[in-house]
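The model discussed is a predicted one.

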Amino acid sequence: MNISWPWTKRKSKIVWIDLGDLGDLVHPDGPHEQWQDHGLGLLRTILHENGIATDLVSTRAVTSWDQLSRQIAGYDMALMNVRSYTFPPGRKAAQLFKELNPHGLVLAGGMHATVAPGEMLEVPEFDHVCQGPGEKVIVDLVRDPASFPRLVQGESAPSMAEWPMIDRTLWPKPASWQTRRRFKWHWPMEPECGWGPGPVATIITSRVCPWQCVFCNENSYIPNMGRRPVDMVIDELNTLDDKYGVGSVVIHDSMFFQNPSWLKEWIEKYPRKAHKVWPYWAAARSDTVRQWPDLFEALIRETRWNLVSIGFESGSDRILRLLNKECTEEDNDFTIALLERIGDDMAREGKEPPAFWANIMLGIPGETHEDAFKTMRMLKRMKRVYPSISYYAPYPGSALGFQLIAEGKSLMSNDNYHRFPGDEKVKGVDYAFYRDLLAGVYDAEVNRGLTPEEQARGYGGLYERALVKA
Ligand code: B12
Ligand code: SF4
């Protein structure tokens, strides 16, 4: 009898290989590297609903390639979702699969296949590479791969209303009881990460952000599609609550705070129709907060949006312009002051005050020391904040990423698409300066103009710890 992780009998000749660093689910450093892949969940759900069963293995649930070999031998087909940061393990897994199953086929899609199909096609072990969304092609592709060219053009559903509810039992399990206990992981819900009580439900309500920040610009490669209707989002949360219990929610949208009409409907329905007004984490931009402050405040107060992720990125207008962020120092200051005011009011009312999840980038090419001091100063002006700091990374797919790669300045080789926020990623950037900055060596400069209370913030290694693996 053939038994493999996750300790179930093999049911299919097709295996989905979940990707990530070896051991991430065995002895994780933190909660975020254990988060589940919605692309995998969605596509496996669609396959299963169409009568195509798939087994599951994960590079994150083993600690050596040998272990993975034992699990993938004997299959006819392997499927995988390859993002740039999982390209190295994806390529290695494909090579192993073909060594063990020379007549087997490897079908790969995902963000890296979308933005860097050339790199994928250079790997002969990828038999088919799907560029773009897979929901409309996956069934036909798996049923009859020979009828497709090697580079397949994916097709998206016109609206997320067409996406089925993900069957979360198709996601990988924690690989050990220690992990399950340490992270209070109520699988198939997600592990606790300190943002809210478990069990944690991660959901996606919108697929693309319309802005064009040069380090990201998702809308240049993710097709526009309708947002998931408010009623469907609430139904999904209630269904999850009935089945597994929900403690808090993480809305994984790149940009939650868009489409005011959708947000108004959310304010109207979520508090009434959800089993409970679960607190949630979701993302906004400081310019839109400034544009719609009342809507922002209503969401926080009435829907328990208590962790507000903002891509502040920089505290310097010069850098914000260079990034085409379309947000200004003034927008950032406005948003910081507004959340502090709302938070203070709520604290006085005996309610839990909202906090920022502040995304900050350092080491942006062209950044001066004074720009970086302004960024740290901005961070210190935030009263309630979880800093999320990374060194700028030139990912393929983004305008600035492509430019730096073309100029030979990226240190992110395709053997190592660094995903550690503290890794060195661009030639010519003085990383020693940034390490010193985070260690407090330049505090005299950073603290200039700040109140004594603001100056006291950020000690005890807070900023260095913020460079965590996502
Ligand atoms: C949620 C999210 C996260 C979460 C969870 C990640 C996870 N475990 O899945 C968290 C917060 C942890 C995260 C972290 C990071 N993320 Co992230 N994240 C996202 C986000 C917002 C949504 C991903 C998602 O679920 N999408 C919805 C699903 C359905 O789409 P999908 O997975 O792409 O799958 C579709 C297609 O690709 C295709 N497809 C996928 N697989 C297959 C397979 C086959 C066979 C076929 C035919 C098709 C196919 O069909 C699917 C349905 O349409 C995306 C942006 C976005 N809007 O997609 C960024 C994004 C994927 N992240 C990105 C990055 C850079 C990161 C970080 C490295 C950031 C950092 N510097 O720290 C970290 C590292 C993560 C890690 N664990 O190593 C980049 C990736 C860029 C790239 N070139 O690959 C994106 C695109 C954002 C961006 N524009 O920069 N992220
Ligand atoms: S960085 Fe944020 S605001 Fe800018 S394009 Fe990406 S998701 Fe949108």
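## Ligand site

The shell around ligand 2 is made up of 6 nonpolar, 1 polar and 2 charged residues. Its members are Cys209, Trp211, Cys213, Phe215, Cys216, Ser254, Met255, Arg285 and Lys325.

With Cys counted as nonpolar and Arg and Lys as charged, Arg285 and Lys325 are the charged members of this shell. Ser254 is the polar one.

## The loop between H7 and S9

Helix H7 spans residues 177-182 and strand S9 spans 200-203. Several backbone features fall in the loop that links them. Lys184, which is located there, has a phi near 45 degrees, a positive value in a residue other than glycine.

Two cis peptide bonds follow. One runs from Trp187 to Pro188, with omega near 10 degrees, and Pro188 belongs to the H7-S9 loop. The other runs from Gly198 to Pro199, with omega near -15 degrees; Pro199 is also placed in this loop.

Glu313 is part of strand S12, which covers residues 305-313.

Is Glu313 buried or exposed? Its relative accessible area is 7%. Buried means under 20%, so Glu313 counts as buried.

## Helix H2

Helix H2 covers residues 65-72, and its buried residues are Leu68, Ser69, Gln71 and Ile72. Viewed down the axis of H2, these residues fall within an arc of 165 degrees, so they line one face of the helix. An α-helix has 3.6 residues a turn, so residues three or four places apart point the same way.

The face of H2 turned away from the buried side carries Asp66 and Arg70, both exposed. Just after H2, Gly74 adopts a positive phi of about 95 degrees.

## Nonpolar cores

The largest nonpolar core contains 69 residues. Which residues have the most contacts inside it? They are Trp266, Tyr280, Phe296, Trp305 and Leu362.

For Tyr280, leaving aside neighbours within four places in sequence, the contacts include Val249, Ile251, Phe256, Trp266, Tyr270 and Leu299. Tyr280 is also in contact with Thr303, Arg304, Trp305, Asn306 and Leu307. Two of these partners, Trp266 and Trp305, are themselves among the residues with the most contacts inside the largest core.

Notes
Residues numbered from 1 in each chain as written. Chains lettered and ligands numbered in written order. Predicted model: local features only at pLDDT ≥ 70, side-chain atom pairs only at ≥ 80, totals over all residues. Heavy atoms only, no water. Helix = DSSP H or I, 4+ residues; strand = E, 2+ residues; numbered from the N terminus. Buried < 20%, exposed > 50% of the residue type's maximum accessible area, 1.4 Å probe, protein only. Arc of directions from axis to C-beta. Near = heavy atom within 4 Å. Core = buried A, V, L, I, M, F, W, Y, C linked by side-chain atoms within 4.5 Å. Contact = heavy atoms within 4.5 Å.
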